[in-house]
Amino acid sequence: MAKSVCIVGAGPSGLVAAKNLLHDTPADSFNVTVFEAQSRIGGLWPSSKDDNDGLVHPLMIANQSKHTVQFSDLAWHDSDPDFPRAWQVGQYLERYLNEYGGADVRLGHRVVKTELQSDGSWKVETESSKGSETGTFDYLLVTTGFFGKPIWPGYVPKVADVPIIHSSKYRDIKSLLSGSGRHGGKILVVGGQMSGIEISATIATHLSSAVHSPGEKIINNADEYTVHHVVHRPSWVFPLYTSPKPAASAPPFLPCDLPSYNLATRPHPLTNSQGHISVDAARILNSIYESVLGTDQSESSAETKIDGDLIEEQPFVAMSSYYMDFVRSGLIKISKGRLSSFSDGVATISPTIEKISDIAAVVLATGFDPSPSLSILPPEVLETISHAPSHPNLPVALAFHGTHHPSLPTLGFVGIYRSPYWGVMEMQARLVTRLWTTPVPERRAPALRQALADDDSIARTLALRADPRTSQFPMGDYPFLMQEFARALDIPPSPPFGPTPPLANGRPMDILTPARYALLPPPPSSSSSSVPSPSELERRKRAQAQIESNLRAAHATATSGLTQARHVPAAVFRSLLGRWHLSRTLTSRLPSHPSGRFEGTASFQLREGTPDGRPHSHGATSALGLGLEYLYEEDGTFTAHGSNLSFRATRRYVWRYDEAADVLSVWFARTDDPARADYLFHEIEFLAPAALDDAGVGGEAVATAATTPTTTGAAAEEKKLESRNLNKGWLARASHLCIEDLYDVHYEFNFQAVNLKEWKLGYTVKGPQKDYTIDGVYRRE
């Protein structure tokens, strides 16, 4: 007879748990009911761009790629971006439920109370618009996760003379400041870890856009606002694309999680790199992060620098494409310490006792408390699982990496885990399913029995609560946890889909993705005389196709990044933000046009994408919207050679990145409204190794072909054969025919790991009345 299961929550954890109970067990093993308090599935993840009621902004970009934000047996669409938006994750979950349905999902039903019965069953009370209902279930599975109730510190008033919101409720700058009544000032962001860094960069992006966008301004005096970020200590801030070869002069770029979860860089069997972080371990981890970023972060600000005693402290990491350059620009200012009080519009920072005034709004990036979601459990159960509301990062002590407690065999947990959690969620769901499918311990597989016998998760959790050197993600690092679950469940990872070019260690990448640990639907038992139905065979075939699609997509992303120029436009675009010193030489071959030199600055001002000039192209019709773009402004002095002629010179362009096409483009600005794009100047074509080899530069040309300020334009072609072994950056080219004048454009982008340090731009212009070259060098100020 099928056992009944109550699942609390229809987010990713609840959905993957329901799928495993219904589709990865013999038929009629379980009947599953999922109760969800919201009117939709998805938990944190909305499924519409307009769903602003949840805890996640629908346009938020996931900080792990779709190769990690996935379940093993449902593939993302090829057209989906590397880093999905929150609403796309919600739609992925809707597809997952449609593919692996069968559960009774009751939306708008909040579980308010549970009672453990003497026979181990659970009485569950729910409330909905229809009133209160009570049901009894054989098993209870809690999948409410970590992101329960936003934490509001007691020293921060709920009501003040300026707006105060939790970061989970921030949507746009206009809404934030609508109740301020001020016309400038500091937007105070409290909280220095991942959400604090992400929301600071988001607000800075919105402020920059408000200042530099054309047309009517969404807020007044936008240039009078700054973001003031209060952080206890600095974090390593990683962009979304990093390099598996950070020391290369032209580093290839991949979504950040692919190099991070490259198993070929770690000794096997894996050991847990999280939890307690010793001084020696801290030195190693901090050294790794510095090498990946190519910096100790001092060039952005003294407050972001990680050196000295901080090298011996457990590291903290965050993800943001633009935070560090906004800090460099001064739009984000940092105060080290903790907010100790906020009164009469003045924030006090301890231990420095710094006073921050002129505050226009406060955003609390103070995290979430999972305990309110656990309050549905009876007090005696909470005591058994060592519930501790004062430890929001380790709220309960559970066996085998957050899945159950031996004293409560009919209670399970999925999703009580912070970090890249999709693969771990799926593994947790499988383990709970295995425990409940074979509730008699002696009948369980030897590997599972041994894993449970050796497990010390409960003792480890209790010890970490009092450990001052506990890591940012104390439950365990992702690859280690996947290994441990795979061993317990006897799920060997599949081999990589195919080889990648070797890295510096001489080995190809071995990228961990959930699809490497996939399970196909179980075949009929050997004792059954039944033949699989056509629908069962079709379901198995679809699952296999989805698994292979996931594996193929991850491999294609890795190989294209390592062998072509994929993701380089994204890395260049991200790294342009801010001010550059520009030196440019103009060499004219016509006496009517003077040669000379320009010295000045160039600024890339980030803003929301605008439709000007692109009615049907360059992202205009993308589901992602228009994305972001830069208003490029240069200002300086041109001095003619051999004369005293000198004058101020300015120009503007609009730089755009089309995420769907992975294309960077430059647009002329309108003369009558220079904040608006007019028409396309050129698309930048980055030269992959094969393209350069065809030109005669050699197989290592991405890293070795060279141009210099005096060998751009037509002369560059003559110098290529001489530059086989020089360590130079990424090369790119473009052309533009302006009436009768042909612009031949050449670029070279020089990175230090993930950050663009210098780049060169050269033009050769030929036409009836023009014959000159321009060679410019941009260096970070």
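Select residues 596-608, strand β25, together with residues 628-640, strand β26, and you will see two strands that pair in the antiparallel sense over 13 bridges. Strands here are DSSP runs of type E with at least two residues, helices are runs of type H or I with at least four, and both are numbered from the N terminus; two strands pair if DSSP finds at least two bridges between them. The model is a predicted one, in which local features need pLDDT of at least 70 and side-chain atom pairs count only at pLDDT 80 or more, while totals for chains, interfaces and linings use all residues. Residues are numbered from 1 along each chain as its sequence is written, and side-chain values use heavy atoms, with hydrogens and water left out.

Staying with this pair, pick Arg597, which stands opposite Thr639 in β26.

Next, go to the open sheet of three strands with the order β4-β5-β6, where the pairing is antiparallel. Strands β4 (110-116) and β6 (131-137) stand at its edges with a single partner strand each, so one side of each is left without a neighbour in the sheet. Neighbouring strands are turned by 20° against each other on average, direction ignored, where axes are lines fitted to C-alpha atoms, for helices over the stretch in contact, and angles run from 0 to 180 degrees between N-to-C directions. Selecting β5 (residues 122-128) shows the strand that pairs with β4 over six bridges in the antiparallel sense, and Glu115 can be found opposite Lys123 in β5.

Another open sheet of three strands, with antiparallel pairing, has the order β17-β18-β19. Its edges are β17 (338-343) and β19 (354-356), and each has a single partner strand, so one side of each lacks a neighbour in the sheet. Between β17 and β18 (residues 346-350) there are five bridges in the antiparallel sense, and Phe342 stands opposite Ala347 in β18.

Now select residues 568-575, helix α16, which is mostly covered, with eight of its eight residues buried; buried means under 20% relative accessible area, exposed over 50% and partly exposed in between, with a 1.4 Å probe and protein chains only. Among these buried residues are Phe573 and Arg574.

A cavity is a set of points, on a 1 Å grid over the protein atoms alone, where a 1.4 Å probe fits but cannot get out, and lining residues have an atom within 4 Å of a point; grid points are joined across faces, edges and corners, and a volume is the space filled by probe spheres set on the points. Helix α7 (residues 323-329) gives the most to the lining of the largest cavity, with four residues.

The second largest cavity has a volume of about 130 Å³. Of its 13 lining residues, the closest to the centre are Pro496, Phe497, Ile511, Ala554 and His555.

Finally, select Cys6, which is buried with a relative accessible area of 0%, and then Cys256, also buried, at 4%.

Conventions: On a 1 Å grid over the protein atoms alone, a cavity is a set of points where a 1.4 Å probe fits but cannot get out, and a pocket is an open set with protein on both sides within 12 Å along at least five of seven lines; lining residues have an atom within 4 Å of a point.
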